[in-house]
Amino acid sequence: MARYEINGGKSLQGTVTVSGAKNAAVAILPAVLLVSGKCHIENVPNISDVHILLDILREMGAEISLEGSSVTVDCSHVRSSRPDANLVRKMRASYYLMGALLGRCGKAHVALPGGCNFASRPIDQHIKGFIALGADVDESDDYVALEPGENGLQGGRVSLDVVSVGATVNIMLAATLLPGQTVIENAAKEPHIVDLANFLNTMGARISGAGTDTVKIRGVKELHGGSYAIIPDQIEAGTYMAAVAAAGGNVLVQNVIPKHMECITSKLQEMGAKVTNYDDAIRIQRAGKLRCTTVKTRPYPGFPTDMQAQICVCMSLASGVSRLTESVYETRFFGYCTELQSMGADILITGKTAIVTGREKLTGAVVSAHDLRAGAALVIAGLAAEGTTIVENTHFIERGYESIVEKLSALGADIRRIE
Ligand code: UD1
């Protein structure tokens with residue numbers, strides 16, 4: 001297994017280009033199953049989660065050609081509603097195949113997903129949505145099977161009990177080709193929800209309200225092929241911004257949508273970083289000491305839980321005592337706090353809140369990534385620390401960060417991947 005060796009203490013300088021959004025790509029690729037005809041998708045991130053999804057689609061009979069960050073997918077010959085269970089178990093977002101196959105075939109048999117297990121990740125809201133659309137659901141310990149119920153599949157009204165990105169996406173996928181209107185209340189508003197709606201609408205769907213609490217889907221008979229470019233990755237951009245805040249330096253982060261970054265930007269500014277927004281880029285500079293702050297993670301437009309670990313590293317190096325409260329995935333701290341403590345961080349976890357007392361420095365250590373964002377945080381800690389850090393289990397990081405070693409090296413970091 002690969003690991004990264006990082007000799008820390010070098011500030012970051014230069015320009016980094018953010019890739020397409022992972023969480024949009026893993027929703028849009030299954031959505032192609034709903035399309036009759038070829039889809040040409042650009043700005044697809046070159047990450048292992050995308051490759052697993054492409055393998056799943058290919059194994060089901062899709063014709064796929066990949067050139068750089070562009071993918072052309074034609075699902076005309078897909079007949080199966082039962083994707084390969086071993087591939088499905090390799091990633092979390094493979095559960096979008098449930099909604100996409102229900103929409104395409106009127107039925108689906110999909111293994112329960114694997115992926116980053118930083119918390120218990122129930123799918124009861126996805127199931128509630130499928131039932132509201134008329135599906136019969138057979139749920140076992142290892143799979144979910146969906147069939148039309150006695151009144152058949154049709155649009156319906158779903159009010160989510162918790163704001164769930166996954167359930168919102170899955171219901172949108174399942175409802176796009178169904179007769180009638182579907183309304184999702186208390187829907188997630190993340191940029192990738194809007195991106196999925198924009199993709200589907202470009203192909204002929206009639207979805208309105210994406211990005212608000214209420215998403216309406218008026219079913220259409222067919223989607224046609226076309227071209228679409230995925231939005232830049234909010235969390236990848238935020239990770240590079242946090243890396244500059246922690247390690248110091250002056251970096252232009254390009255291919256970003258500054259509006260998506262507002263919550264992250266304002267916290268890093270509060271902590272003492274200088275941030276300048278351009279049309280599709282952000283410059284971040286940090287020279288002096290960081291200051292402590294208070295962060296509470298929330299669904300978009302709040303501070304993303306997927307940036308919790310990275311901001312925690314910044315807090316570990318700030319003057320004063322910061323408070324970091326997790327309100328989406330309560331057990332998320334356990335994926336990385338022990339590792340950061342072994343590098344000298346002072347973190348006390350009480351329930352949903354981590355009290356982080358900033359230290360003068362972190363010190364290099366051998367640490368292990370337990371999930372994607374935890375791994376990214378350990379890389380940031382390694383960049384900012386004195387001495388050498390070895391980050392193990394980097395396959396987690398490579399699920400969601402394209403060429404992270406190359407991108408950081410280009411910014412002057414001393415980091416290398418060791419097989
Ligand atoms: C998505 C993101 C993930 C991010 C998370 C929160 C993708 C592929 N992944 O994950 O990176 O960390 O949003 O922003 O986009 N919940 C239920 N029942 C459900 C579904 C969710 O109780 O059926 C709860 C979860 O336990 C969690 C909260 O709702 O507490 C939000 O989860 P959700 O938004 O669904 O996260 P994911 O879609 O899995």
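I started with what lines the largest cavity: helices H8 (234–247), H12 (372–384) and H14 (404–410) each put in at least two residues. H12 gives the most, with four. Helices here are DSSP runs of H or I, at least four residues long, numbered from the N terminus.

Note on the model: it is predicted, so local features need pLDDT of at least 70 and side-chain atom pairs pLDDT 80 or more, while totals for chains, interfaces and linings use all residues. Numbering runs from 1 along each chain as its sequence is written, and side-chain values use heavy atoms, without hydrogens or water.

I found one cavity of 30 Å³ or more; a cavity is a set of points on a 1 Å grid over the protein atoms alone where a 1.4 Å probe fits but cannot get out, and lining residues have an atom within 4 Å of a point. The volume of the largest cavity is about 40 Å³, counted as the space filled by probe spheres set on the points. Its lining includes Tyr 240, Val 379 and Leu 408.

Next, the ligand. I get 23 residues around it, with Gln 125, Ser 164, Val 165, Asp 306 and Val 328 coming nearest; being near takes a heavy atom within 4 Å. H5 (124–132) is among the helices supplying at least two shell residues, and H5 gives the most, three.

Then I checked ligand oxygen distances. A backbone N or O atom of Gln 125 is 2.7 Å from one, a polar backbone atom of Val 328 is at 2.6 Å, and a polar side-chain atom of Arg 332 is at 3.4 Å.

Note on methods:
A polar contact is a pair of N or O atoms within 3.5 Å; within protein, one must be able to donate a hydrogen and the other to accept it, and residues adjacent in sequence count only if both atoms are side-chain atoms. On a 1 Å grid over the protein atoms alone, a cavity is a set of points where a 1.4 Å probe fits but cannot get out, and a pocket is an open set with protein on both sides within 12 Å along at least five of seven lines; lining residues have an atom within 4 Å of a point.
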